[in-house]
Amino acid sequence: MAALIRYTLKRLLGAIPTLLIIITLAFFLLRAAPGGPFDMQRAMPPQVKANIEHMYHLDEPLWQQYLNYLDSIVHGNFGPSFVYRGTTVNDLIRQGFPVDLTIGGLALLGSLLFGVPIGIIAALKQNSAWDYGPMATAMLGISIPNFVVAPLLILVFAVQLHWLPAGGWGHGRLEYLILPSISLGLPMVAYMARLMRASMVEVLNSPFIRTARAKGLPERIVIWRHAMRPALMPLISFLGPAVVGIVTGSIVIEQIFGIPGIGRFFVNGAFNRDYTLVMGVTILYGMLIILFNLLADILYGVLDPRVRFE
Amino acid sequence: MAQLLEIRDLSVHFRTEDGLVHAVSHVDFDLGEGEVLGVVDESGSGKSQTWLAVMGLLAQNGYATGSVKLHGRELLGLSPSQLSHMRGVQLAMIFQDPMTALNPYLTIGRQMTEVLQWHQKMRRSDAEARAIKALEAVHISDAGSRLKTYPHEFSGGMRQRVMIAMNMLAEPEILICDEPTTALDVTVQAQILALLNELRERFGTAIVFITHDLGVIAQIAERVAVLYGGRMMEQADVYTLFEDYRHPYTEGLLRSVPRMDEDRTERLLTIPGNPPNLAMLPKGCPFSPRCAYVEARCQQQMPELEVIAPGHVRACFHAGELGRQETGA
């Protein structure tokens with residue numbers, strides 16, 4: 001346990017340089033993009049523009065701005081949004097992030113809840129209808145992008161059947177969550193089912209499973225006690241990439257369903273050169289991905305006795 | 001010696017993309033109580049498949065025909081649950097690579113006690129006590145605390161000991177050893193062989209020892225079956241086989257063993273050619289493409305097994321003496 005805590009702290013410390021690289025790259029890339037947050041279609045009087053830029057410290061040398069920015073995020077302050085006047089990036093994140101957390105979490109949970117059993121059943125009933133059917137469907141699920149799935153779902157369940165609302169947030173009431181979560185989670189279900197099937201098939205062919213069968217253990221013990229844990233390992237490694245998928249997916253899904261999450265701010269921010277907003281969201285996503293990769297590694301170590309935390 | 005296992009006309013086939021592969025064709029084996037049968041076959045010749053078929057452990061694309069009787073009871077075609085009540089209790093099997101044969105995610109104790117908990121409905125604490133005894137029987141020290149450790153904390157030889165202990169827990173009548181020493185270094189190999197001999201004397205377990213190593217056969221087997229390309233070539237007691245072999249393949253195998261008591265400046269003999277490809281066996285005797293005594297009819301039909309002396313059979317057309325011609329270069 002002490003080793004685990006030490007390992008976690010070490011990894012968190014190790015994340016700092018990673019984040020710093022992300023911040024630095026994002027900061028300078030953003031500035032390298034043409035245009036600025038206050039370029040309007042109609043040119044501003046130069047004096048007005050200079051005043052605004054002075055107010056946001058955009059008239060200072062770039063390295064100065066960079067250092068100032070680092071200083072402020074160290075203090076947990078992501079700065080004021082350039083486009084959403086009068087709001088800070090912290091406010092926007094506080095507002096939008098719980099929304100993403102809700103549908104992202106639901107999508108992840110749902111994909112585990114459906115993908116894992118489907119994959120296991122397919123592996124156990126290898127080369128039968130139980131295998132081919134779900135796996136073909138899963139291939140389809142992986143291939144069809146969510147910006148196609150989401151409108152289709154809306155068309156069927158909202159427009160035709162009137163079962164669920166077509167969009168909006170409705171203060172996070174369940175009926176508003178269902179379609180976005182499904183759209184977001186569907187490719188993930190497909191991916192997890194295929195991953196789970198492949199890994200289960202591999203484990204079931206491994207020598208130690210043959211040993212377990214040779215010992216005369218019934219198939220249910222062979223599967224639940226001997227095969228399940230090793231078969232789940234690849235899924236844990238997938239946790240990191242899965243979060244990336246959910247993050248990028250949510251940007252699209254939020255637009256389609258008109259959900260007030262962070263993805264929308266991110267896209268608007270990028271279009272409008274809202275430097276601080278884009279930076280804030282980038283850092284948040286970066287931290288999220290680092291965190292889930294760490295979580296995956298910890299889970300891996302907890303489940304696999306051969307892994308030692310050092 | 002009372003008859004324990006009777007295998008008649010056993011064939012094992014695999015459905016593959018290249019068509020049906022005949023891993024084992026029409027073999028007969030008999031095993032008496034407490035007997036040690038050595039099964040010799042070149043690598044890749046499907047020698048394990050006979051015994052996996054006996055255990056009901058063939059891969060999904062494989063199936064067996066013929067008859068396997070244990071105490072007169074037919075084993076082929078048993079239901080999975082009937083099989084699982086027999087495996088581990090009457091028939092146990094240990095495998096070549098002890099590094100992968102144990103589950104890396106479960107403690108040694110768990111993997112051992114589950115055998116007794118399942119088959120004998122034993123309580124966990126009783127099963128643990130038995131597991132400790134079994135580990136002590138295979139000379140693993142500090143067995144009590146070893147139960148809580150995982151396979152990766154053991155060396156290869158130790159793991160094979162654990163495998164043996166685990167498979168002896170329910171005191172099976174037959175222990176099938178599929179190249180149990182091949183993956184181990186020579187000194188460890190000798191220890192494992194000594195251990196198997198010891199256990200056999202103690203429990204009266206019959207052992208089927210599958211190997212391609214005649215040196216190992218000489219140390220452990222009482223009777224030896226030599227297979228090639230999934231067919232029985234020769235079977236005899238171990239002394240007869242080494243001294244009075246009657247099959248060209250047996251001869252080739254014996255001549256390719258390095259000997260300490262002969263002129264060691266001479267090159268070691270080998271059997272020319274490659275081990276058989278089971279997907280493309282010749283029409284006649286599978287060994288005919290590599291045989292120094294090959295005759296025209298060998299390529300046309302497989303010779304029947306003939307009884308040369310009581311307990312000594314061979315399948316070969318060659319009538320004359322062996323050893324006149326050099327096999328190989």
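# Notebook: a predicted model with chains A and B

**Entry 1. Helix H1 of chain B.** I began with the residues of H1(B) that are buried: Lys47(B), Ser48(B), Gln49(B), Thr50(B), Trp51(B), Leu52(B), Ala53(B), Val54(B) and Met55(B). I note here that I am reading a predicted model. The count for H1(B) is nine buried residues out of nine, so I wrote the helix down as mostly covered, with 20 or more other C-beta atoms within 10 Å as the cut-off for a buried residue. Next I looked at what H1(B), residues 47-55, lies against. The helix lies across S1, S2 and S4 of chain B, and its direction makes an angle of about 110° with S1(B). I then checked the residue that follows H1(B), which is Gly56(B), and found a positive phi near 70°.

Entry 2. Which strands form the open sheet in chain B, and in what order? I found four strands in the order S2-S1-S4-S5, with antiparallel pairing. The edges are S2(B), residues 19-32, and S5(B), residues 73-74, and each of these pairs on one side only. Eight bridges join S1(B) and S4(B) in the antiparallel sense. As one example, I traced Val12(B) to its bridge partner in S4(B), Ala64(B).

**Entry 3. A hairpin in chain B.** I moved on to S11(B), residues 306-309, and S12(B), residues 312-314. These two strands run antiparallel and are joined by three bridges. Ala309(B) has His312(B) in S12(B) as its bridge partner. How many residues lie between S11(B) and S12(B) in the hairpin? I counted two. In the turn, Gly311(B) has a positive phi of about 80°.

Entry 4. Lys121(B) is not a glycine, yet its phi is positive at about 50°. I located Lys121(B) in the loop between H4(B), residues 108-119, and H5(B), residues 124-137. Is Lys121(B) buried or exposed? It has 8 other C-beta atoms within 10 Å, and since 12 or fewer counts as exposed, Lys121(B) is exposed. His139(B) also has a positive phi, near 60°. It is found in the loop between H5 and H6 (143-146) of chain B. His139(B) has 14 C-beta neighbours inside 10 Å and therefore counts as partly exposed.

**Entry 5. The largest nonpolar core.** I looked up which of the 148 residues in this core touch the most other members, and they are Val208(B) and Phe209(B). The helix that gives the most to the core is H7 of chain A, residues 174-204, with 17 residues. I then listed the contacts of Val208(B), leaving aside its neighbours within four places in sequence. They are Leu31(B), Leu37(B), Val39(B), Trp51(B), Ile174(B), Ile176(B) and Cys177(B). Trp51(B) was already in my notes as a buried residue of H1(B).

**Entry 6. Chain A as a whole.** What does the secondary structure of chain A come to? I found 12 helices and zero strands. The C-alpha atoms of chain A fill a box of roughly 85 × 55 × 30 Å along the principal axes. Of the 310 residues in chain A, 32% are buried. I also looked at contacts between residues at least 6 apart in the sequence of chain A: 74% of them join residues at least 24 apart.

**Entry 7. Two helices of chain A.** I picked H4(A), residues 89-124, and H11(A), residues 262-271. Their axes come within 7 Å and cross at roughly 130°. H4(A) and H11(A) are therefore oblique to each other. On the H4(A) side I listed Leu92(A), Ile93(A), Gly96(A), Phe97(A) and Asp100(A), which meet Ile262(A), Gly263(A) and Phe265(A) of H11(A). By class, this contact has five nonpolar, two polar and one charged residues.

**Entry 8. Where the chains meet.** Last, I looked at the contact between the chains, where 20 residues of chain A meet 26 residues of chain B. On the chain A side, H8(A), residues 207-214, and H9(A), residues 219-237, each supply at least two residues. The largest share of that side, seven residues, comes from H8(A). I sorted the chain A side by class as nine nonpolar, four polar and seven charged residues.

Conventions:
Residues numbered from 1 in each chain as written. Chains lettered and ligands numbered in written order. Predicted model: local features only at pLDDT ≥ 70, side-chain atom pairs only at ≥ 80, totals over all residues. Pairing = 2+ DSSP bridges. Contact = placed C-beta atoms within 7 Å. Nonpolar A, V, L, I, M, F, W, Y, C, P; charged D, E, K, R; others polar. Axes fitted to C-alpha atoms, helices over the stretch in contact; angles between N-to-C directions. Parallel < 35°, antiparallel > 145°, perpendicular 65-115°, else oblique. Core = buried A, V, L, I, M, F, W, Y, C linked by C-beta atoms within 7 Å.
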